[in-house]
Amino acid sequence: MRSVEEQQSVVTAAAVAPRPVRVAISEAQGLLCAEEVVAERPLPGFDQAAIDGYAVRSVDVKSAGTDEVDDEGNPVEVELPVVGEVRAGSRQPTRLQPRQAVRVDTGAPLPTLADAVLPLDATESARGRITVNRPVRTGDYVRRIGDDVQPGDVAVRAGAIIGAAQVGLLAAVGRDKVLVHPRPRLSVVSIGGELVDVDRTPGQGQVYDVNSYALAAAARDAGADVNRVGIVSSEIGRLREVVEGQLIRAEVVLIAGAVGGDASDTVRKALSELGDLEIERVAMHPGSVQGFGRLGRDEVPTFLLPSNPVSALVVFEVMVRPLIRIALGRRQSMRRVVKARTVGPITSIEGRKGFLRGQLMRDEGTGEYLVQALGGAPGSSSHLLATLAEANCLVLLDPEVTEVRTGDHVDVSFLAQRG
C-alpha cells in the first residue's frame, strides 16, 4: 500500500503548467501574472486635485484662521476672488495669479502656480469670493505627478495573483492585455451502467450521475477550465474514443467510477494503448483505491476515481486539486492547515491517513478553533454526500491514530469558504 505522500509525489511530478498566454485584462482576474508589467508613463500623469475645493497658493492663505491681526488690531481675514473653474477631464490650461482661487473638481488638473487645494468646508462662498477659515500647506489635497507610479516602476509583478486592484492598476498604466498563466483545461468523464443524467428519471437500479457535476464544480473552484463530458459508455471502443478525444483538448482528465471490480479492468483494457495506468491502494480513507497515469502523446495526467461521490471528492481534494494549483503557477498548492480542538470523539482506521469531514468553528471568547467531525469513521455512513455539503473542513488524522478524545487538538484543512 502506497502512502498518501508517495502518491502525491507521483501526481505532482506530472504537473505541467500551460504555456503563458496574453489575454484582455478583463479576462485576467484570478490568474497568475506571467510578466513584469513596467509602467511607461507616470501615474497620475499630471498634478491633480485630490478633493473638490479651491486651488490656491498656500502662501496666500497661511494667515487664515490664525491669531494674526492687522495694523488696527483686527483679526486678519483672508478673502480671495474665484476667477474660474476646472472640471475633471478639462484639457484647457489654467493659470492662477497671486491671491486668487480657482474652483476645482476631484481629479481636475491643478492650475499653474497652485500648490494646494482648499476643502470646501474650509471656506465660505459669496458673490464670487471665498473667505478662508483655515490655512493649507504646500501639497495638501494634491495628487502629484508620479505619486503612485513612476516610469520604469513595476506595476504588477510576475507571480502576482491578478485581482481587482491589479486589473485597475493595469488599466491605469494603459495596458489592455497582460501575459498570464492560463487555467489548465480539465475534462470530467463518468462511467457506470447504473448512471443516468439529472434530466431523466432513474429506473430500477439506476442513480443520478453525481460525480461529473460535483467534480466539475470542485475543479472550477480550484481554478481549472472545465469540460464536463458526463456519462460515457464503458464499452471498450467507445470509452477509448472519448478519452482519446479529451487527451487532445485537456491538460488533466478525470474518470469517475473507474476503480474497483470489473470497472477497473474494463478501463485499463480500453486505455492500455494510450499509456500506463496504475490502480493503487493508497493509505488513506475514504478513497483508498484510486488510479493515476499519464496518457496520450502529451502524457496527460489522468485520474481514475471511485464511484462513491464522497470518496471521489476527497481524492480530488487530496490529489487532483494540488496538481491544478501547481499548473496555475501557485506557490502554495495545498490548503491552509490549522490546529483545532475537538468537541467530540473521533475514530479512524489504523494504518490509513484520515481525511474526515468536519465543521470548523471558532470560540468567540478565546478565538480558538473548534471542530466537530461529521462522519467518516469506521462503520459510519461515509458515503453520505449531505454531510460533505455541511463540511467546511477536513480533519487530518495520521495513520497511527485510531481514536481522538474530546478536547484533543487535531490538524484541520480548510475547504472552500461557504456563504
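Reader: What makes these six strands an open sheet, and in what order do they come?

Author: The six strands follow the order β8-β5-β7-β6-β10-β9, with mixed pairing. Strands are DSSP runs of E with at least two residues, helices are runs of H or I with at least four, and both are numbered from the N terminus. Two strands pair if DSSP finds at least two bridges between them. The edge strands, β8 (116–119) and β9 (123–126), each pair on one side only. On average, neighbouring strands of this sheet are turned by 40° against each other, direction ignored; the axes are lines fitted to C-alpha atoms (for helices, over the stretch in contact), and angles between N-to-C directions run from 0 to 180 degrees.

Reader: Where do these values come from?

Author: This is a predicted model, in which local features need pLDDT of at least 70 and side-chain atom pairs count only at pLDDT 80 or more, while totals for chains, interfaces and linings use all residues. Residues are numbered from 1 along each chain as its sequence is written, and side-chain values use heavy atoms, with hydrogens and water left out.

Reader: How do you know that β6 and β7 pair?

Author: Three bridges join β6 (residues 78–86) to β7 (residues 101–104), and the rule asks for at least two, so the two strands pair. They run parallel. One of the bridges involves Val82, whose partner in β7 is Ala101.

Reader: Why is Arg99 called partly exposed?

Author: Buried means under 20% relative accessible area, exposed means over 50%, and partly exposed is in between (1.4 Å probe, protein chains only). Arg99 has 44% relative accessibility, so it counts as partly exposed. Tyr141 has a relative accessible area of 36%, so it is partly exposed too.

Reader: Why is Val314 called buried?

Author: Its relative accessible area is 1%, so Val314 is buried. Val314 sits in helix α6 (residues 309–327). Leaving aside residues up to four places away in sequence, Val314 touches Met284, Pro286 and Phe355; contact means heavy atoms within 4.5 Å.

Reader: Which bond joins His285 to Pro286?

Author: A cis peptide bond, with omega about -5°. Pro286 belongs to the loop between β20 (284–285) and β21 (289–295). Another cis peptide bond joins Leu43 and Pro44, also with omega about -5°, and Pro44 is in the loop between β3 (37–38) and β4 (48–49).

Reader: How does the radius of gyration of the chain compare with that of a compact globule?

Author: The chain has 32 Å, but a compact globule of 419 residues would be near 22 Å. The radius is taken over C-alpha atoms, and the globule rule is 2.2 Å times the number of residues to the power 0.38. Along its principal axes, the C-alpha trace spans about 105 × 50 × 40 Å.

Reader: How many helices and strands does the chain have?

Author: There are seven helices and 29 strands. Of the 419 residues, 45% count as buried.
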